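Open the model in your viewer and keep the sequence panel beside it. We will go from stop to stop, selecting residues as we go.

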Amino acid sequence: MNRPALIREPDTTALFDPKAETMPRRDIAELQLARLKATLQRAYDNVPHMRRRFAETGVTPDHLKTLADIRHFPFTGKADLRDNYPFGLFAVPREDVVRVHASSGTTGKPIVVGYTAGDIALWADLIARSLTGAGVTRHDIVHIAYGYGLFTGGLGAHYGAEALGCMVVPVSGGMTERQVTLMRDFGANVLCCTPSYALNIAEVTESSGIARNELKLRVGVFGAEPWSEAMRHELQTRLGLQAIDIYGLSEILGPGVACECTEQAGLHGWEDHFLFEIVDPRTLEPLPRGETGELVITTLTKEALPMIRYRTRDITRLVDEPCACGRTHVRIMRVTGRDDDMMIIRGINVYPSQVEAVLVGLPGIAPHYQLVLTRQQALDQMTVEVEIAPELPRDEATLTRVSREVQHRIKSTIGISCGVVAKLPGEVPRSQGKAVRVKDQRHTPG
Ligand code: DLL
């Protein structure tokens with residue numbers, strides 16, 4: 001094999017599906033082309049909306065001769081799902097759909113997604129692959145604190161961990177004190193939840209006087225929201241685990257579209273089941289490998305809900321070189337944020353996760369924050385609400401000093417001027433799932 005020197009021969013015992021995960025690129029491309037053709041045809045034949053979209057764009061499935069030809073096909077977005085609410089994009093008879101999930105959505109109708117029995121089996125398989133990459137084995141006890149229900153996090157992780165043969169503790173979110181007690185009593189080795197909820201768990205563990213070594217946690221499988229390297233460091237230190245980034249979205253599958261391995265060097269995007277593209281979010285033209293832009297995903301094997309060129313709005317870049325772990329699939333670099341979460345503060349583009357990277361680990365403050373957006377004279381203003389560290393004196397002078405320091409730090413690292421309000425310990429809301437990082441008051445009258 002002609003592998004770069006740095007790449008180890010894969011330890012096949014540490015891979016869930018060694019053959020699929022270490023396929024040479026040529027074979028991946030060949031498989032993708034065959035599966036893509038079949039998917040386009042299935043969507044065209046079975047989903048009237050897709051057939052219409054293809055016709056508007058002037059393509060039929062036959063126009064795809066190479067993988068690169070995907071650029072001629074129409075995009076799909078949230079609006080397509082909303083307009084066809086609830087089941088209009090399903091490509092199989094309703095009777096073949098054994099599960100639905102839905103995203104709550106802040107405005108309008110929710111997005112509804114469906115799965116056949118085959119889709120559920122595939123999903124479990126990809127989560128099992130992802131967990132294996134994260135260093136989880138069948139000997140582990142997996143505590144799942146992602147929400148169960150219409151959200152894909154809980155049940156998605158659950159089926160995958162069971163498929164791997166782990167003992168699963170399906171706790172869902174909330175009642176954090178009880179979660180900590182159960183993790184200690186059961187000896188959980190793996191914690192699956194959002195990074196912001198993991199921080200909440202860390203804090204509650206510390207305040208309930210449980211020593212870190214009373215918990216047996218070794219791996220954290222954290223995702224469903226953007227998070228920073230600084231937050232990774234914080235969680236690894238406070239919970240004594242290796243914090244692994246897992247990515248996914250309901251429209252494509254749920255969690256398990258991509259996941260880091262223990263190298264923590266980008267998320268392996270499972271290319272035998274998905275085609276990943278990066279496009280310029282403004283021109284929608286495909287960008288060359290390695291460039292940063294919007295991630296667009298096409299499903300290659302999903303039955304109930306095939307997705308053609310789904311615009312995720314997530315900003316990232318792709319890396320083709322095989323990982324040191326030996327897996328050959330493309331790596332999706334950490335998602336810094338969503339296109340629609342980008343704030344423009346005095347002409348500078350900022351994502352909440354960039355602010356997080358500055359705040360977390362800064363002496364004098366706790367890693368809890370919220371960003372408040374307001375508008376003054378047509379200009380967006382940002383106020384960062386932070387909390388002083390619990391050990392600091394709780395007086396006005398301290399609050400003023402801390403807020404000045406944070407303001408200075410944000411100015412010197414990101415280059416934006418913003419207001420900073422330092423609050424007392426416990427005053428910034430704690431996450432129960434996906435954290436609300438931005439309070440947008442730009443359109444509130446008065
Ligand atoms: O959040 C699925 C999921 C559950 C992923 C559990 C990982 C773990 P949705 O609710 O549809 O699905 O939200 C999808 O969340 O488009 C991203 O904007 C964001 N997101 C998900 N994972 C990550 C991540 C689930 N690791 C949306 N890093 C996506 C950054 C993420 N953002």
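**First stop: around the ligand**

Strand E7 gives the largest share of the shell around the ligand, 5 residues. Before you click, note that this is a predicted model, in which local features need pLDDT of at least 70 and side-chain atom pairs count only at pLDDT 80 or more, while totals for chains, interfaces and linings use all residues. Residues are numbered from 1 along each chain as its sequence is written, and side-chain values use heavy atoms, with hydrogens and water left out.

Helices (H or I, at least four residues) and strands (E, at least two) are DSSP runs, numbered from the N terminus. Which of the 20 residues around the ligand come nearest? They are Asp-245, Ile-246, Ser-250, Asp-314 and Lys-434.

Now look for polar contacts (pairs of N or O atoms within 3.5 Å; within protein, one must be able to donate a hydrogen and the other to accept it, and residues adjacent in sequence count only if both atoms are side-chain atoms).

- Asp-245: an N or O atom of its side chain is 2.7 Å from a nitrogen atom of the ligand.
- Ser-250: here an N or O atom of the side chain is 2.5 Å from an oxygen atom of the ligand.
- Arg-338: a side-chain N or O atom is 3.1 Å from an oxygen atom of the ligand.

The ligand taken alone exposes 610 Å², and the protein buries 93% of that. These accessible areas come from the Shrake-Rupley method with a 1.4 Å probe; for residues, only the protein chains shown count as cover. To see which elements give two or more residues to the shell, colour helix H6 (152-164) and strand E7 (242-249).

**Second stop: rings**

Rings of Phe, Tyr and Trp (its six-membered ring) pair if their centres lie within 6.5 Å; planes under 30 degrees apart count as stacked, over 60 as edge-to-face and the rest as tilted. How many aromatic pairs does this rule give? The count comes to 6. Select Phe-274 and Phe-276 to see a tilted pair, 6.2 Å centre to centre with 50° between the planes. Both Phe-274 and Phe-276 are buried, where buried means under 20% relative accessible area, exposed over 50%, and partly exposed in between (1.4 Å probe, protein chains only).

Next, select Tyr-44, Phe-54 and Phe-73, which form one aromatic cluster. A charge sits over a ring if NZ of Lys or CZ of Arg is within 6 Å of the ring centre and within 35 degrees of the ring normal. You can find another example at Trp-227, where the charged end of Arg-232 sits over the ring, 5.8 Å from its centre.

Select helix H10 (residues 352-359). Why is H10 described as largely enclosed by the rest of the structure? The reason is that 6 of its 8 residues are buried. Those buried residues are Pro-352, Ser-353, Val-355, Glu-356, Val-358 and Leu-359. Step just past H10 to Gly-361, which takes a positive phi of about 95°.

Go to the loop between helix H4 (78-83) and strand E1 (99-103), where you will find Pro-86. The peptide bond from Tyr-85 to Pro-86 is cis, with omega near -5°.

Then visit Gln-264, in the loop between strand E8 (254-260) and strand E9 (267-269). Gln-264 is not a glycine, yet its phi is positive, about 50°. Is Gln-264 buried or partly exposed? Its relative accessibility is 25%, so it counts as partly exposed.

Arg-313, in strand E12 (residues 310-316), also has a positive phi, near 70°. With 28% relative accessibility, Arg-313 counts as partly exposed.

**Last stop: Thr-194**

Thr-194 is in the loop between strand E5 (190-193) and helix H8 (195-207). At 4% relative accessibility, Thr-194 counts as buried. Its side chain reaches the backbone nitrogen of Tyr-197 at 3.1 Å.

Definitions and conventions. Near = heavy atom within 4 Å.
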